[in-house]
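Morning, everyone. Please have the structure open while I talk. I'll take a helix pair, then the core, then some rings.

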Amino acid sequence: MPRRDRAIRPLPPVWVMAVALVAVAANLRVAITSIPPLLDAISADLGLSHAAAGALTTLPVLCMGLFAPVASRVAHRMGAAGAVLAASLSIVVGTASRFSGGNVVVLYVGTFLCGVGIAVAGTLLPRLVKTYFPPERTGLVTGLYMLAMMGGAAVSSAVAVPLADRLGSWQGSLGSWTVVAVVGVLAWAPFTVRANPHHTPDEEGPGRLPWRHRTAWLVAGYLALQSWCFYSAVTWLAPTYVEHGWSRGSAGYLAAAFSGAQIVSGLLGPVLSDTARDMRRLLLPAAALGVVGCLGILLAPLSAPWVWAVVAGLGQGAAFSLALVLLVRYARTPEASGRLTGMAFLISYGIASVGPLAMGLLRDVSGSLSLVWLVLAVFGSVQALVVIRLRPDLPRVD
C-alpha cells in the first residue's frame, strides 16, 4: 500500500475538501427538481403527455441506476476524484444544452448527460467520504453534502417559475443552473489535482458487485422503495396542486417547502447516526413521516398543504441521507463502499426510474393525481418493513 499512501498524502485541509464536496453535491438534484414546477409549460410547448413529461425526471433517475456500476470502473482507471470531475463536466454540458430545450431531442439528450454525471458523482461521493474523512465524522460530512444537495433542490424548485418569468422562457430557467454546475467544477478541480494526481497500479480494482451478499440486497431494497417515493413525489407534488387550482408559482413554492424540509432532516439524520448503533431507531421514524405526509396529501390536500409537504419532506430527507450512511457503515473498505453503492444504485434507481413515469400513466388513466399519493403511502409502509430487518449486526460487504 505504500504507493497509494504517497498518492493521497498531499491533501488540502479537511475544510477545503468539505467545501469542494458540498460544491459538487449542490448539483446532484437541481437538474431534476428544476423541472416539475415548469412541467405544464414544457408539456404545453412541446405537446407532451403526462407520461412523456414524467420521463424528464425518469431519465436521469434511470441513468443513476444504469451508470452507478460504471462509476467504480471509471474511478479505477482515473481515480475517484478525477471521475467526479468528469461527471461534474457532464452536468455542465447537459445543463447548458437546456438553453436549446425547445428542441425535444436536445432536451432529452441534455437530461441524459445530466443523469450520467449525477450517477457517477453520486455513486462515488460515499466512497470519497470513507476515504478522506475520519470515521467519527462520516455522518457529519454526509449531512453536509446532503444539505447542499437538498438545498439546491429547494432553491431550484422555488425559483424555477420566477426565473422563467424573468428570463422569458422555461428554457432559460432550466439552463441558468449551468452557473451552479460550473462553480462545482471550479471548486472540485484543485482537489482533484491534489488528491488524485495519477492512478496507483496497486490500488484495489473495482471488483464485482456484491450480488450474493444479503446485506447488500437489504440496503438496495430499502433504497429502491425510498427512491421510488422521493422521485415520484418530487415530480408530481407541484402538478397535484396545480390540478387543485394553485398557480404554477405557488405550487413551485410548495415543492420548495418539500425540498427545504429535507435540508433539516437530511443534515440532522446523519449527524445523529454518528451516535446511533442501531440505525432502525432513525430509519423507522423517517419512513413514518413519509407515509403521514402522503396520506395527508391524499385525504386532505387543501386543509394543510404546507404541513403535509413539510412532513413528507422531513421523512424523505432523513430516509435518503440515512441510506447514504448505510452505504458507508455496511462496507468494510472504501472500495467495498463503492461496490455496495454501485449495486444499490443500480437496483434502486433502476426501479425508482419507473416511478415518475408510472405515476404519470396513472394520472393519464385515472384523470387525477390523487391516487399517486395512495401508491406512495403503500410503498412507504413496505419501506418500514424492510427497515426492521436492517439490524446493526448484519455482515459487512467486503
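At what angle do the axes of helix H5 and helix H6 cross? Keep in mind that this is a predicted model. H5 covers residues 50-66, and H6 covers residues 68-78. Their axes cross at roughly 50° and come within 4 Å. An angle from 65 to 115 degrees would be roughly perpendicular, and one under 35 degrees roughly parallel. H5 and H6 are therefore oblique to each other.

Who makes the contact? From H5, the residues are Cys63, Met64, Gly65 and Leu66. From H6, they are Ala68, Pro69 and Val70. Sort the residues of this contact by type and you get six nonpolar, one polar and no charged.

Now the core. The largest nonpolar core has 116 residues. Which of them touch the most other members? They are Ile42, Trp188, Tyr222 and Leu390. Among the helices, look at H12, residues 214-243: H12 gives the most to this core, with 15 residues.

Let's zoom in on Ile42. Skip its neighbours within four places in sequence. Ile42 is then in contact with Ile35, Gly47, Leu48, Leu56, Leu107, Trp170 and Leu174.

Next, the rings. A pair of aromatic rings is described by two things: the distance of the centres and the angle of the planes. This structure holds 10 aromatic pairs. I'll show two.

Take Phe230 and Tyr231. Their ring centres are 4.8 Å apart, with 80° between the planes. Planes over 60 degrees apart count as edge-to-face, so this pair is edge-to-face. Are these residues buried or exposed? Buried means under 20% relative accessible area. Phe230 has 3% relative accessibility, so Phe230 is buried. Tyr231 has 1%, so Tyr231 is buried too.

Now Phe345 and Tyr349. Their ring centres are 4.8 Å apart and their planes stand at 50°, so this pair is tilted. Both residues lie in helix H16, residues 334-352. They are four residues apart there, which means about one helical turn separates them. Phe345 and Tyr349 are both buried.

Do these pairs belong together or apart? Ring pairs link Phe230, Tyr231, Phe258, Phe345 and Tyr349 into a cluster.

One last stop in H16: Ser348. Its relative accessibility is 0%, so Ser348 counts as buried. What does Ser348 touch, leaving out residues up to four places away in sequence? The list is Ala220, Leu223, Ala224 and Ser227.

That's my tour. Questions, please.

How values were computed
Residues are numbered from 1 along each chain as its sequence is written. This is a predicted model: local features need pLDDT of at least 70, side-chain atom pairs count only at pLDDT 80 or more; totals for chains, interfaces and linings use all residues. Side-chain values use heavy atoms; hydrogens and water are left out. Axes are lines fitted to C-alpha atoms, for helices over the stretch in contact, and angles run from 0 to 180 degrees between N-to-C directions. Helices (H or I, at least four residues) and strands (E, at least two) are DSSP runs, numbered from the N terminus. Angles under 35 degrees count as roughly parallel, over 145 as roughly antiparallel, 65 to 115 as roughly perpendicular and the rest as oblique. Contact means heavy atoms within 4.5 Å. Ala, Val, Leu, Ile, Met, Phe, Trp, Tyr, Cys and Pro count as nonpolar, Asp, Glu, Lys and Arg as charged, and the others, Gly among them, as polar. A nonpolar core is a set of buried Ala, Val, Leu, Ile, Met, Phe, Trp, Tyr and Cys residues joined through side-chain atoms within 4.5 Å. Buried means under 20% relative accessible area, exposed over 50%, partly exposed in between (1.4 Å probe, protein chains only). Rings of Phe, Tyr and Trp (its six-membered ring) pair if their centres lie within 6.5 Å; planes under 30 degrees apart count as stacked, over 60 as edge-to-face and the rest as tilted.
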